[in-house]
Amino acid sequence: MIQKCADAAAGWLIRCDAAAEDDRELYAYAIHSFLLSFSPLLLSLALGIGMGCVWQSLLVTFPFMVIRKFSGGYHAKHSGVCLFSSCLLLYLCIRLSLSITQGQALACIAAGASASLIHFSPIDNKNRRLSTEEHRCYKKVTFFLVAAFLLLDILCLTFHLDACSICISISILLTAGLQPPCIAKKLLPHIEAFQK
């Protein structure tokens, strides 16, 4: 679906003489990348409008989106599965953010998840392996982002903005929660070798 939108947008740019026909593939790729990057935010916005909680849905999704870009984690093999599971996870996280009233315990759990994110990130995607330099850079960026969002979480708690703290904590937990399947997959050969 995203690829069709990207192709249509590239075609429109060419028809409007804003791009050359020879660059169709390049523009389609750029638009596809842009839409893919912002699809969680757009999806979250739609869910937030439908559920009547726009700011909570955006506050759950934005930290997740930003940290995950550098931390990595589980990726579905098919776009349909990805879209369905993303919708379901975001819906559940937004629902959870609306039902929790006390943020202190959740912030403590998010601090533990932050330590896990910092330790295990970045996780390579099989479609794009990171070079040694990229790995080092992504690790630093992940550390900075996780620390910044955790600090924001603590500040929200300090100033009694529990609803904001809860959304940020859930976002950190969601990001960290998508890493264990990848970590287990990496560790499984080492465990099997150790058992032999």
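Trainee: What does Glu21 count as, given its relative accessibility?
Mentor: This is a predicted model, and Glu21 has 47% relative accessibility in it. Buried would need a value under 20%, and exposed one over 50%. Because 47% falls in between, Glu21 counts as partly exposed.

Trainee: Which residue forms a salt bridge with Glu21?
Mentor: Side chains of opposite charge can pair when their charged atoms come close. The cut-off for a salt bridge here is 4 Å between nitrogen and carboxyl oxygen. For Glu21, the closest N and O atoms of the pair are 2.9 Å apart, and the partner is Arg24.

Trainee: How many salt bridges does the structure hold?
Mentor: Glu21 and Arg24 form one of them. Arg136 and Glu133 form another, with the closest N and O atoms 3.0 Å apart. The number of salt bridges in the structure is two.

Trainee: Is Ser97 buried or exposed?
Mentor: Ser97 is placed in helix H4, residues 79-99. Its relative accessible area is 7%. The cut-off for burial is under 20%, so Ser97 is buried.

Trainee: Which residues is Ser97 in contact with, leaving aside neighbours within four places in sequence?
Mentor: A contact requires heavy atoms within 4.5 Å. With those sequence neighbours set aside, the contacts of Ser97 are Gln56, Val60, Ile166, Cys167 and Ile170.

Trainee: What accessible area do Phe84, Leu88, Tyr91 and Leu92 have together?
Mentor: These four residues form a nonpolar patch on the surface. One of them, Leu92, lies in helix H4. Leu92 counts as partly exposed because its relative accessibility is 46%, between the 20% and 50% cut-offs. Together the four residues have an accessible area of about 400 Å².

Trainee: How many helices does the secondary structure of the protein come to?
Mentor: Along the sequence the pattern reads α-α-α-α-α-α-α-α. The protein has zero strands, and its number of helices is eight.

Trainee: What share of the residues of the protein count as buried?
Mentor: The protein exposes about 12200 Å², with carbon and sulfur atoms supplying 69% of that area. Among its 196 residues, the share that count as buried is 35%.

Definitions and conventions. Residues are numbered from 1 along each chain as its sequence is written. This is a predicted model: local features need pLDDT of at least 70, side-chain atom pairs count only at pLDDT 80 or more; totals for chains, interfaces and linings use all residues. Side-chain values use heavy atoms; hydrogens and water are left out. Helices (H or I, at least four residues) and strands (E, at least two) are DSSP runs, numbered from the N terminus. Buried means under 20% relative accessible area, exposed over 50%, partly exposed in between (1.4 Å probe, protein chains only). A salt bridge is a side-chain nitrogen of Lys or Arg within 4 Å of a carboxyl oxygen of Asp or Glu. Patches are made of residues with over 30% relative accessible area and no salt bridge: like charges are joined within 9 Å, nonpolar side chains (Val, Leu, Ile, Met, Phe, Trp, Tyr) within 5 Å. Accessible areas come from the Shrake-Rupley method with a 1.4 Å probe; for residues, only the protein chains shown count as cover.
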